[in-house]
Amino acid sequence: FRKVSHVIFDMDGLLLDTEPIYEDMTRQIAKSYGKPYPFDVRMRIMGTTEQLTAKIAVTELGLPISVEEFMKKFSELGRVRLADVNLMEGAERLLYHLHDNKVPFALATSSSDEMVEVKTRNHRELFKLFHHQVCGSTDPEVKAGKPAPDIFLVAASRFPSKPKPNDCLVFEDAPNGVRAAKSAGMQSVMVPDEHVPEEMRTDATLVLSSLEEFKPEQFGLPPFPK
């Protein structure tokens, strides 16, 4: 492992327990048109922007609606279903630890500004600790969503000291996000959903089953207090 100075976090399924809700929302929309939501399509959607999620869902599931209509339904469901999400195990401890030790960190999420606002409503204090956030669905500088590297390169460029990609460590749960980090030239710690197959974990520098297992000193960061 290489020593790093800056950290970039994905949000959904990594810091916030939203992935099961997203899966259920997509399944609900598909079911309303009599369509199933197969696992391979879910893996392709996981971690992508709202626009790409809608495009893949409509095309792959053969839904008789436009991408815009899907996004509208998805957004309406999201405002209700995502307003009360829990933190993932180990997220709060890790973020406060990095903050207390003055390690700069940013958020790089495929969500829109509006959905980040909805999802983080109950965790305002924690999300104030981030130096900045990049929202892939609405940020004009993010030309292509994950698995393209854009979002992580933009996130790195907005730290005052402009760290190089190899000085940044990315935390992700989705194969698309891990591929994006690798394309950006960054190391990644993957905390995947248990259903993500082994072959979709190979691009990660390190795979953990929970953020609780992370040892910061492995990447030259201050260790947790004993």
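I began with α9, where Pro-175, Asn-176, Gly-177, Val-178, Ala-180 and Ala-181 are buried. For burial I used relative accessible area with a 1.4 Å probe and protein chains only: under 20% is buried, over 50% is exposed, and partly exposed lies in between. Helices (H or I, at least four residues) and strands (E, at least two) are DSSP runs, numbered from the N terminus. I noted that this is a predicted model, in which local features need pLDDT of at least 70 and side-chain atom pairs count only at pLDDT 80 or more, while totals for chains, interfaces and linings use all residues. Residues are numbered from 1 along each chain as its sequence is written, and side-chain values use heavy atoms, with hydrogens and water left out.

I then looked up what covers the buried residues of α9, and the cover includes α2 (39-45), α8, β4 (168-172) and β5 (187-190). Contact here means heavy atoms within 4.5 Å. Just after α9, I found Gly-185 with a positive phi of about 80 degrees.

**Domains**

I looked up the division of the chain next: domain 1 is 6-16 + 86-217 and domain 2 is 18-82. These bounds come from an automatic or database domain assignment. The C-alpha centres of the two domains lie 22 Å apart. Domain 1 gives 23 residues to the contact and domain 2 gives 19 residues.

I read the area buried between domain 1 and domain 2 as about 1,700 Å², with 54% of it from carbon and sulfur atoms. Buried area is the accessible area (1.4 Å probe) that two parts lose on being put together, summed over both. On the domain 1 side, Met-115, Ser-137 and Asn-176 lose the most area to domain 2, together 25% of what that side buries.

Across this interface I noted 12 residue pairs in polar contact, both residues at pLDDT 80 or more. A polar contact is a pair of N or O atoms within 3.5 Å; within protein, one must be able to donate a hydrogen and the other to accept it, and residues adjacent in sequence count only if both atoms are side-chain atoms. The elements giving two or more residues to the domain 1 side are α6 (113-119) and α9 (175-183). Four residues, the largest share of that side, come from α6. I sorted the residues of that side into eight nonpolar, nine polar and six charged. Ala, Val, Leu, Ile, Met, Phe, Trp, Tyr, Cys and Pro count as nonpolar, Asp, Glu, Lys and Arg as charged, and the others, Gly among them, as polar.

**Salt bridges**

I counted 17 salt bridges in the structure, two of them between domain 1 and domain 2. The rule is a side-chain nitrogen of Lys or Arg within 4 Å of a carboxyl oxygen of Asp or Glu. Asp-193 and Arg-42 form a salt bridge at 3.0 Å, N to O.

Asp-10 and Lys-146 pair at 3.1 Å, N to O. They are 136 residues apart, with Asp-10 in the loop between β1 (6-9) and α1 (19-31) and Lys-146 in the loop between β3 (133-135) and α8 (150-157). I found both residues buried.

In helix α4 (residues 67-81), Glu-76 and Lys-72 are four residues apart, about one helical turn. Their closest N and O atoms are 3.2 Å apart. Glu-76 is partly exposed at 40% relative accessibility, and Lys-72 is exposed at 55%. My last entry is a network of salt bridges with shared partners, which joins Glu-23, Arg-27, Arg-42 and Asp-193.
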